[in-house]
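Subject: Structure for your review

Dear colleague,

I am handing over the structure we spoke about, and below it you will find my notes on what turned up when I went through it.

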Amino acid sequence: MKKIFMYPAIFLLLAGTLTFAGCEKKSEGQREAASPETEANIVSSPALAVTDTPEPSIEPEQKIEKAMKVCDLSKCLGEYSVVRAELTAGEKRSAELGKMPGRKNVSYVEVKRNRIPKEEMENYKVGKVNFFSTPEQCDKALGTPKAKTGEERRYSYKSDYEICLSFSKKGKMKEMGIYKDSREQAKKTYQVGDFTMMACRVIKYNKDYQKEEEVSLPEDTIAVAYHAFAVDKKRFTEPWTARDYKQQKDEWKKLTLCIPKDVYLEPGAFGNLGPAEITFEPGRTEIEPSAFMYVSNYRFWENASTIRLPDTVKVIRESSFCQFYNESAEIILNDGLEEIEERALQGANCDLPDSVKKIGKAALDNWHPVHEFSLPENLQEIGDNAIYICAEVGANIKEPIYLSRSVGKIGINPITYETLLEDTCGVKVDSKNKWFKNDDNGWLYSKDGKTLYFAFCTEEKMILPEGLEKIQCRLQLADHETEWQEIVFPESITRQEYEEFLQSEPEI
């Protein structure tokens with residue numbers, strides 16, 4: 001006896017583009033810039049496990065003794081290049097580092113609670129003090145404060161450093177740091193040419209795209225800070241007509257910048273970027289998390305910026321190029337790129353090289369290929385909710401999405417269409433693939449046909465095949481005039497099992 005269950009199509013179709021905090025589209029042409037707190041929350045989402053992450057590239061004389069699995073700020077005051085490499089190797093990227101011009105050692109290190117993943121919170125500390133310590137416990141561990149207010153405590157450390165701890169009104173630690181001499185002295189800003197600097201970190205490019213020019217970062221630069229190259233909002237107004245758009249676009253001049261290989265890109269470094277041609281010095285092996293997040297916030301600037309990766313990049317880290325108004329920036333990925341982490345190319349305007357082996361969770365959510373929709377020939381792994389196809393892109397897909405013989409691991413909901421059309425093609429799996437196959441509908445199964453990973457239907461009945469034992473995707477249905485479609489379950493799987501899957505599927 002077949003089991004028949006009626007589902008409203010609107011419930012089964014994924015409702016709109018997969019979004020996350022701060023990502024809803026707005027009616028204005030310019031998005032509000034995301035705060036560092038918002039970006040930190042996004043960066044904290046768990047990524048797919050990495051099994052073959054390349055070692056960071058460092059000079060032989062700066063050999064890493066160990067990866068810093070626990071970031072003790074008191075251990076981060078040595079030579080900057082070594083400390084940064086150890087933090088990167090240990091996946092401890094939430095620490096902000098600075099150094100004085102002409103010096104090698106770190107002049108300050110600080111960490112903010114809202115930039116740390118919850119599961120990593122206990123791995124950041126100063127000696128015996130961590131983010132769960134009370135003010136009283138801090139005094140016991142660090143001694144009598146040399147200065148104290150209701151929300152801040154300062155302690156002498158060694159002979160020429162101070163430890164600063166900030167607390168909320170409820171006594172929860174918000175920030176910890178160690179500073180050479182004092183926090184004010186270590187974080188004092190200064191000018192170098194067209195740049196405002198702080199401890200060898202670029203804080204602001206001051207020319208604001210007023211003339212076309214080639215720009216070089218100041219010598220001794222170690223990092224680019226949040227929104228360092230953002231446009232001045234006071235100069236930006238919403239263009240409502242084609243004439244206003246053209247006139248305003250011509251007022252902004254394009255800069256050209258090559259980023260040195262050892263300059264660290266902090267979260268949001270190139271958020272709200274103006275018209276630019278960005279390249280990288282060869283030798284960089286990764287693009288840091290959230291470095292170019294919201295890079296293309298000005299949707300009326302079509303093709304305003306180009307970001308070209310060097311041949312040495314192997315990994316694009318979490319949320320690196322997460323964006324929304326993709327018309328304004330094109331990303332040219334390098335042949336040799338192997339991994340795209342969670343949300344790394346969300347909304348991005350780019351093509352994928354065949355060298356890519358792993359696509360992480362939601363990595364291609366609302367992805368816009370420049371030429372044609374094509375997945376890499378050497379792809380091995382597709383993460384949960386990895387590919388979300390918006391209506392505009394889906395309308396231009398005229399052939400089944402091809403999965404090569406090398407694809408051996410697929411997560412939950414690997415492919416989702418925003419809108420199903422009558423000519424939606426589904427997927428085509430290489431016949432030599434040992435792990436997966438497709439049927440005549442373009443649905444995606446495990447090789448034995450017992451697990452379903454992708455299925456859609458634009459007709460009134462969706463009939464699931466006999467022998468199916470597990471569903472690992474939302475069944476995508478079209479919205480018919482009746483707003484109902486009929487799903488016919490086989491004997492081998494029940495409606496309840498499918499509903500249990502819907503309840504347990506991972507959050508986006």
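**Salt bridges, starting with Lys-180**

At a relative accessibility of 26%, Lys-180 counts as partly exposed. Please keep in mind throughout that this is a predicted model. The side chain of Lys-180 meets that of Asp-160 in a salt bridge, with 3.2 Å from N to O. This pair links distant parts of the chain, since Lys-180 belongs to strand 10 while Asp-160 sits in the loop between strand 8 (152–157) and strand 9 (161–167), 20 residues apart. Asp-160 counts as partly exposed too, at 27% relative accessibility.

A second salt bridge joins the side chains of Glu-96 and Arg-201, at 3.4 Å from N to O. Here the partners are 105 residues apart, with Glu-96 in strand 3 and Arg-201 in strand 13. Glu-96 counts as buried at 13% relative accessibility, and Arg-201 is buried with a relative accessible area of 4%.

Glu-175 and Arg-183 form a further salt bridge through their side chains, at 3.9 Å from N to O, and both of these residues are buried. Salt bridges with shared partners join Glu-175 and Arg-183 with Lys-146, Glu-152, Arg-154, Glu-162 and Glu-184 into one network. The count of salt bridges comes to 27.

**The chain as a whole**

The protein chain has eight helices and 39 strands, and buried residues make up 54% of its 508 residues. Of the contacts between residues at least 6 apart in sequence, 56% join residues that are at least 24 apart. The chain exposes about 23400 Å², of which carbon and sulfur atoms supply 48%.

**Helix 3 and Arg-84**

Helix 3, residues 80–89, is mostly covered, with eight of its 10 residues buried. The buried residues are Tyr-80, Val-82, Val-83, Arg-84, Ala-85, Glu-86, Leu-87 and Thr-88. Their cover includes strand 2 (71–72), strand 3 (96–99), strand 4 (106–112), strand 17 (264–265) and strand 19 (286–287).

Five strands form an open sheet in the order 14-16-18-20-22, with parallel pairing. Strand 14 (213–215) and strand 22 (329–332) are the edge strands, each pairing on one side only. Neighbouring strands of this sheet are turned by 15° against each other on average, direction ignored.

Strand 14 and strand 16 pair over three bridges, and Glu-213 has Leu-255 of strand 16 as its bridge partner. Strand 16 (residues 255–259) also pairs with strand 18 (residues 276–280), over five bridges; within this pairing Leu-255 stands opposite Ala-276 and Ile-259 stands opposite Phe-280.

In a regular strand the side chains alternate between the two faces of the sheet.

**Positive phi values**

Most residues other than glycine have a negative phi, and the following residues may therefore deserve a look when you check the backbone. Asp-181 has a phi near 70°; it is found in the loop between strand 10 (173–180) and helix 5 (183–186), and is partly exposed with a relative accessible area of 43%. Tyr-209 has a phi near 60° and lies in the loop between strand 13 (201–205) and strand 14, but Tyr-209 is buried, with a relative accessible area of 1%. Just after helix 3, Glu-91 takes a positive phi of about 60°.

**Val-429**

Val-429 lies in strand 31 (residues 427–429) and is buried, with a relative accessible area of 5%. Leaving aside neighbours within four places in sequence, Val-429 is in contact with Leu-403, Phe-436, Lys-437, Asn-438 and Leu-444. The C-alpha atoms of Val-429 and Tyr-445, which are 16 residues apart along the chain, are separated by 9.5 Å.

With best regards

Definitions and conventions. Residues are numbered from 1 along each chain as its sequence is written. This is a predicted model: local features need pLDDT of at least 70, side-chain atom pairs count only at pLDDT 80 or more; totals for chains, interfaces and linings use all residues. Side-chain values use heavy atoms; hydrogens and water are left out. Buried means under 20% relative accessible area, exposed over 50%, partly exposed in between (1.4 Å probe, protein chains only). Helices (H or I, at least four residues) and strands (E, at least two) are DSSP runs, numbered from the N terminus. Contact means heavy atoms within 4.5 Å. Two strands pair if DSSP finds at least two bridges between them. Axes are lines fitted to C-alpha atoms, for helices over the stretch in contact, and angles run from 0 to 180 degrees between N-to-C directions. Accessible areas come from the Shrake-Rupley method with a 1.4 Å probe; for residues, only the protein chains shown count as cover. A salt bridge is a side-chain nitrogen of Lys or Arg within 4 Å of a carboxyl oxygen of Asp or Glu.
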